[in-house]
Every structure is written in structure tokens, then in C-alpha cells.
Amino acid sequence: MTAEPVGARSRTGYDAETLAALEADAGTIKARYPDPRSGLLPLLHLVQSVDGYVSRDGIVFCAEQLGMTAAEVSAVATFYTQYKRRPNGEYTVGVCTNTLCAVMGGDAIFDRLSQHLDVAHDETTPDGSVTLERVECNAACDYAPVVMVNWEFFDNQTPDSAAELTDRLRAGEQVTPTRGADSVCSFKTMSRVLAGFDDGRADEGVGAGGPTLEGLRIARERGWTAPGTDQPEISGTPRAEVPPETGTGQSSAERKPTTPSDDTGPAGPADAKEGDDD
Amino acid sequence: MTDTLTPVLTDTWDAEGSWKLATYEAAGGYTGLRTALTRDPADLVQLVKDSGLRGRGGAGFPAGMKWGFLPPPDGGPRYLVVNADESEPGTCKDIPLMLASPQHLVEGVAITSYAIGCHHAFIYVRGEVLHVYRRLLAAVREAYEAGHLGTNIHGSGFDLEVTVHAGAGAYICGEETALLDSLEGRRGQPRLKPPFPAVAGLYARPTVVNNVESIASVPGIVAHGADWFSSMGTEKSTGHGLFSLSGHVTRPGQFEAPLGITLRELLDLAGGVREGHELKFWTPGGSSTPLFTAEHLDVPLDYESVGAAGSMLGTRALQIFDETTCVVRAVSRWTDFYAHESCGKCTPCREGTYWLKQILHRIEAGAGEAGDIEVLLDLCDNILGRAFCALGDGATSPITSSIEYFRDEYEAHLDGRGCPFDPARSTLFDDTPQAPPALAGAGGH
């Protein structure tokens, strides 16, 4: 660590106001960890929230904060795919082209978007709105093919739905993830959340989509439970209302929830769990 | 005899506001923590040992034994780090768990930390799931406000701080020592073992690293007992687990069942392979586990049975592919993934995955040469067991297993005409009215 506050001594090109805000946030980040160096990944997300990529200034800032060299910070930043070396678009549109999504249509979606937007992998449209990426498996295989917009889930996509999605993004319209917040925030706003600064939107969106609940739906229908958690009052009847199918054809992309309760319909609240602890 | 499906972790997922603390508590949440705080920590470690809970992140190492490896307290800090970097292709259980019910994990973190004497725990979640990170931050905040975390938890004198940390995109950080390096603010590269994290983990201090589902299973064990847990599953693979069906299946999704269920049973629940098609190959536990075919439909999905049948239970990531799928294309794409995600630290993996990728690309493109299949097998032989961590081993699994079961399909690519499959027919939005037999066509892509 440098002995003096970086303040006036900073070699970054940030103006005083930006630098002061960054320093305050950096202090918050470093305080979360027993060793401040653990704050480097969130600090890199933080500088992306200001610059839209990991800029030279951002690298120098992280280095000054942690008493590292710029080369050491760069070595870390270049290891991780979420840190961008060039200014990113306002929205990263990531098409999963790992095997399962690719086979289910991800390749066709990526090809269509690449043609539609006239950009290749990791390139940004000239208006600065969309950066197109091939992404690896994003843990939503039961919703394949999957597209991520600023790392929010757009499930069960088709080439047409994905092209329409990017049209709306480029027109400045709000888009609603299948499972996520009520609208997709900008790349910079997202980066600030990933730096650990809660934007208070956790209660937006659904708890689960249709496939997530598929096994539970069947268990409810057939009265299947874990051992010793049977309800005394059920006597063979399903112990909860069966949530209706979400969307049609198992396509949760059909569903555009607008409120938290616009989830899986009248799914029972935490129903009748009194006998749980036997 | 237990029911076919046993919702434990999934049981509250259909509730209104399932991610909220109030919902979780109304369903009996945090009774496990209150019980645990009245017990001796060593008894809790023994309880989890007795339950037979094995790591749900892929390796299947007994969780209680892992906790038991920590050296006796020396007055310095000990850490719990939750591996929430779910990235293994096909694996999609922890992310929906944390989206729908993060409190299961937070309660598990509190109990486990008490059991191992940890006062600062970390949840390392991959950075590519924004809303999951929001839900975790909110869940931890709610738990602090309710006194489930913080200082003197429920008057027990036990203090616990929990930090939720977002990664930044690197599959290798799912490897526990790479995760620790990443959490220390470094490139996520695996460490030489030993020493294992139990002895020298985060900041070189004794550390337990466990998967999300493993830790989320702990509250149920404490609340209902080791016998309750081991009444599900098989003798050596006890308890409930999330089975994730994806791909060419009528109703994909999450199915929470006792270990030992078969794919045939799961497919039956999921409406079978998509209409008009048949099963060709599948992964039992993610892309790093050797492929299975229709002949393995009745293999009990527990650690021992899957191992005896030549694969690994892994993360129970059941990716289903029907007869429209070209196995060379599928394996080639997975190989791209391993080459992309290889951290570069060791030569067999860094160079080996690079060459595997080149050869598979040329085979798939119809430019393969006689002897390429043998070169692939020879390369795999030089990676397996010689790489620094399991990533290299995993890269060889789909290749060697697919050649074992589908050598003729590889050879059909070598006749100079390229891939005999039409990729459009594999897609979810395929509208080909009458599909011709796959290998008969001369089409390429």
C-alpha cells in the first residue's frame, strides 16, 4: 500500500470528482476482505462501471489502491473474459454457443445476429449500443437456447426473437429478461452491481421459470414428498395448487412478467409446512 | 421406499416471493441454525459425516470428512468458501437454486461456519448471472437484519461475517484452488496440491471449499437428522440431489430425487426425448464426464454405479442429444470450450487442448486425414492424468468416450465430404416436416 492517500498524487487521468467517488467506493470494497488484494476483481468491475471497459486509468487506479504495479493488475484483468479491453457497447448480447445451446439453435442465433448487426464476436455496433459475444455455458441449459443481455437471462430464444431483441435495444426500448430484473440495465450500471453495490432490484422478476419448477410440479401433482415431511392433513390429495404451465410449449420466453406476483400464477405460498420438522 | 421425487431444496421454489427470508422462515427455514447453535461444533461435523453427504459439485468427496480435515484451532482464522461458480457445461442447478431460494444456502453457510469455527465466509458466484448476485446480496442482508448473521448470532456468542463475491468469467475458477487464487485477487490458476485447502487455503489458512448444493443441504440434515438424509438414495450415495435435464427432451428442467434414480425414470417424468426422435447420447454429469448412450438408460445415477459403467456422476447434468445431433460437432464444440478455458499453467492441457481443437475442426469440416482418430486418442492419452488439474482430464472425456461409441461416425467424416448431418434438424425451432435418415444425406455444413 502507498503510505499516503492517492488523491493528488494519482497518476490516473480522472477528474477530482470522479477520483474522489472511486476512492470512496474502493475503500468500501477493500473493507469487505481480510486482505485488500481480494478486492481486485470488484475494483475492476468498478472501473468498468465508470469507463465502460478496463481503461489505462482504471488499471492505474487499481494498482494505486492496492499497492501493485500496473503490469500486475493487467495480468489479472486479462485473465477474465468479463473485463473488456475496449469500450463496450451499452449492452453485451451474449449468445451461448457451447455444445448444448449451439445444437439447440445457438449457432443459428449467433449467425443471424452477426449478420443482422453486421458485427463479429466481441465487436460493437457503430452506434455503441450492442457488443455481440459468443458466451460459454451460463447454467441455464434447461432453457436452451439462451441469450444473455448484460448477464440477464433471455430463455428459449430463436433467431427471430433474438434479432427483435437487439432491434429493441438499439431503439432504446426497455427489454425484460425472462428471469431477472424488470428491465435490463446498462453495462456500466451492471458493472457497479458486480462490484458489490446493490441496486435494490433483487425483488424484481420471478423466482423461477417453468423448467426450474418442472420436477416440483410433478411432485405436487402426484403427492410426492421427501421422507418425514408429509403433511398430516393431506390424505392423498396434492398439498398445493399445481402451478399452471408457464407460457406455451414450455417456452418461458413467451412470458413477460411485469410484477413479482406475475410469476407462476397462483402458486401456493409457503403452504402448510407445519409438519416439516418431524 | 421413498417417493420418486423428493423436494427438499426445491420445496419452496413455487412459493410467492420464494427468495425472501420471510418465505423461507414460514417454511421452517433457520430452525436448523437455531438447533445447530445449541450443539457442540464437533457433533455437527459428525452429523454430516453420518449423513453420508458427498460433495455436490462434481467430485463427490464426503463433505463431513472434508470438514474433519481442518487442523485443530490455532487461534488464527479459518474460512468457509462456497463455490458458486457453476460453469460446467450442462450444469444448471446452483444458479436456479440461488435465484429461487438463496436462504437455503445462507443458512447452510451459517451452520457450516459454526461447525468448522469460521467467522468470515465467502460465497464466490460467477459474475455472469447478474440477478443471482442481486438475490444473494439481498439474502445476506436480510439474514444480517434478522440476526442470523453478524455478531452474537441468536445470543450464542458466535460471530459470522459473510461476503458475496462476484467473479469475472473464467470456468477454471470452479476448480477449488483456482477459485481461492481468484478470491485473493489473482489470475484464477490452480495450485499444486498438497497442501490441500483444509491445511492452507484462503490466505494460506485452513479453509473448507464446498459447492452450493452441498452447503444448502446442510440445514435439512441438521433439522431432520442424518438418518432422514440417508434414508434417501443408496447406501454409499445418500440423500437427495438435483438432476438437471436439458436438450432434446420434451420437458427439460430440474428434478430433485434420491441419488440412484435412472435416466429412464427421469425421462419418463420429463415426457421423454422430443417427439419423433430417439436418444443418441447423453452426459451423466456435465461435459467432463464420459458420454453415455441408450444402453445406459438403466444405470442408477449414483457415484458407484455411474463409475462402474465407465463415467462419473459429476453434477448430474443430464444433457440429452437425439439422433439428429452430430457427435463430432458436439465434441468439437466442447473441445473449443476446454481450449478457451484452459488457464495455460500446465503444458499438457494448454497445448493438448489446442491440438485437439485443430484436429476436431478439420474432421468436422471434412478435411480430416486418415489416422486423425488415432492422433486424437494419443493426445488424450498424453493429457489424461498428466495435467495440473481436472480440466485437462475433463477435456479428454467426451473425445475418448465418443470415439468408443461412435467411431463409425468419425470415420464417416473422413470421406472428404464433411459432416453428414444437417444442424438445422437439431434445433428447438426445427420445422423440417419429414426428416431424412441422418447418415444417408450428403449435406454438409
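Trainee: Which residue does Ala121(B) stand opposite in S3(B)?
Mentor: Ala121(B) stands opposite Val162(B) in S3(B). Helices (H or I, at least four residues) and strands (E, at least two) are DSSP runs, numbered from the N terminus. This is a predicted model, in which local features need pLDDT of at least 70, side-chain atom pairs count only at pLDDT 80 or more, and totals for chains, interfaces and linings use all residues. Residues are numbered from 1 along each chain as its sequence is written, while chains are lettered from A and ligands numbered from 1 in the order in which they are written.

Trainee: In which sense do S2(B) and S3(B) pair?
Mentor: S2(B) and strand S3 (residues 161–166) of chain B pair in the parallel sense, over six bridges; pairing requires that DSSP finds at least two bridges between two strands.

Trainee: And what is the bridge partner of Asn83(B) in S2(B)?
Mentor: That partner is Tyr124(B). Strand S1 (residues 79–84) of chain B pairs with S2(B) over six bridges, in the parallel sense.

Trainee: Why is S2(B) largely enclosed?
Mentor: Strand S2 (residues 120–125) of chain B is largely enclosed by the rest of the structure because five of its six residues are buried. Buried means 20 or more other C-beta atoms within 10 Å of a residue's own, with C-beta atoms placed from the backbone.

Trainee: Changing topic, where does Leu100(A) lie?
Mentor: Leu100(A) lies in helix H5 (residues 99–117) of chain A. Leu100(A) is buried, with 31 other C-beta atoms within 10 Å.

Trainee: How far apart are the C-alpha atoms of Leu100(A) and Cys141(A)?
Mentor: They are separated by 7.1 Å, although the two residues are 41 residues apart along the chain.

Notes:
A residue is buried if 20 or more other C-beta atoms lie within 10 Å of its own, exposed if 12 or fewer, and partly exposed in between; C-beta atoms are placed from the backbone.
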